[in-house]
Amino acid sequence: MMEQAVKQMNEEMLKSALILADKNEDSVIKETALNNVFILSGDGSKKLVTKNLAPGIKVNDEKLITIDNEEYRIWEPFRSKLAVLVLKGSSLSVKNDSSFLYLGAANGTTVSHISDIVHDGIVFAVEISPRAMKDLVRVSIPRRNLIPILADAMNPESYKNMVTEVDFLYQDIAQREQASIAIKNAQFFLKKNGILVLMIKAKSIDSIKRSKDLMGNEIEKLEDFFKVEELFDLEPFHSDHMAVVARKIC
Ligand SMILES: C[S@@+](CC[C@H](N)C(=O)[O-])C[C@H]1O[C@@H](n2cnc3c(N)ncnc32)[C@H](O)[C@@H]1O
């Protein structure tokens, strides 16, 4: 039941995102509903891009494109689950000065695009792996709004002196107890009415039980603290993953 509802919701959103992109065929670069995120048309294809906060500097091997003296970076949905949400028409509303706590920052791919989006805001990026942290520190150096934190997201007490209250909590960690980690961090850091974006990977929770049941269980756990506003299946870009967008209610 939930599977079918999510599929239908995704198809409708994807359709409306593409209609939006098609409205102005002549323009090469076109705004989306999200700050500093654009759709670049050319060579018969459309790509999602963010305006580069650190001009001339790549994070991975993404292409940099300059149009009218502004530099943009390609935002690849196969590499970033948040890009899939934007393509599927999420109504996430992020301001130029919004604040984020990002759990599971890895080498900084998605974090760097959020840093582009919240140009005058701040992104606290928590990562447990020292190897990934090396890359994340490199990514953060030219980005004035990105604060890398080497820590375990299961233990928010350990970074409570480094992080302020935030507008958004973003979590993408392949771990058991994904909903519990989100709830714990939200209690410490997320403002009332703040938004949680949780990427759930069913196989990390249990590799034998059915994915949809497991995702349903995780969502149920969230419902004591959040009002679920959007659900996205991340197919065809990330299999066995779902994104939950929810508002903190207490
Ligand atoms: C799927 S990757 C994240 C990819 C990243 N969000 C992106 O889109 O660029 C998951 C990351 O979570 C990190 N991680 C796993 N458990 C963690 C924990 N308890 N605390 C902080 N980070 C954790 C892993 O080291 C890994 O880098």
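Biologist: What share of the contacts in the protein with a separation of 6 or more comes from residues 24 or more positions apart?

Modeller: Two residues are in contact if their C-beta atoms, placed from the backbone, lie within 7 Å. In this protein, residues 24 or more positions apart make up 58% of the contacts with a separation of 6 or more. The model is predicted: local features need pLDDT of at least 70, side-chain atom pairs count only at pLDDT 80 or more, and totals for chains, interfaces and linings use all residues. Residues are numbered from 1 along each chain as its sequence is written.

Biologist: Is serine 80 buried or exposed?

Modeller: A residue is buried if 20 or more other C-beta atoms, placed from the backbone, lie within 10 Å of its own, exposed if 12 or fewer, and partly exposed in between. Serine 80 is buried because 21 other C-beta atoms lie within 10 Å. Of the 250 residues of the protein, 40% count as buried.

Biologist: Where does serine 80 lie, and which residues is serine 80 in contact with, leaving aside its neighbours within four places in sequence?

Modeller: Helices (H or I, at least four residues) and strands (E, at least two) are DSSP runs, numbered from the N terminus. Serine 80 is in the loop between β5 (70-74) and α2 (81-87). Apart from neighbours within four places in sequence, its contacts are Trp75, Thr109, Thr110 and His113.

Biologist: Which of the 19 residues around the ligand come nearest?

Modeller: A residue is near a molecule if its C-beta atom, placed from the backbone, lies within 6 Å of it. Gly104, Ala106, Thr109, Thr110 and Ala153 come nearest of the 19 residues around the ligand. At least two residues of this shell are supplied by each of α3 (109-117) and β7 (122-127).
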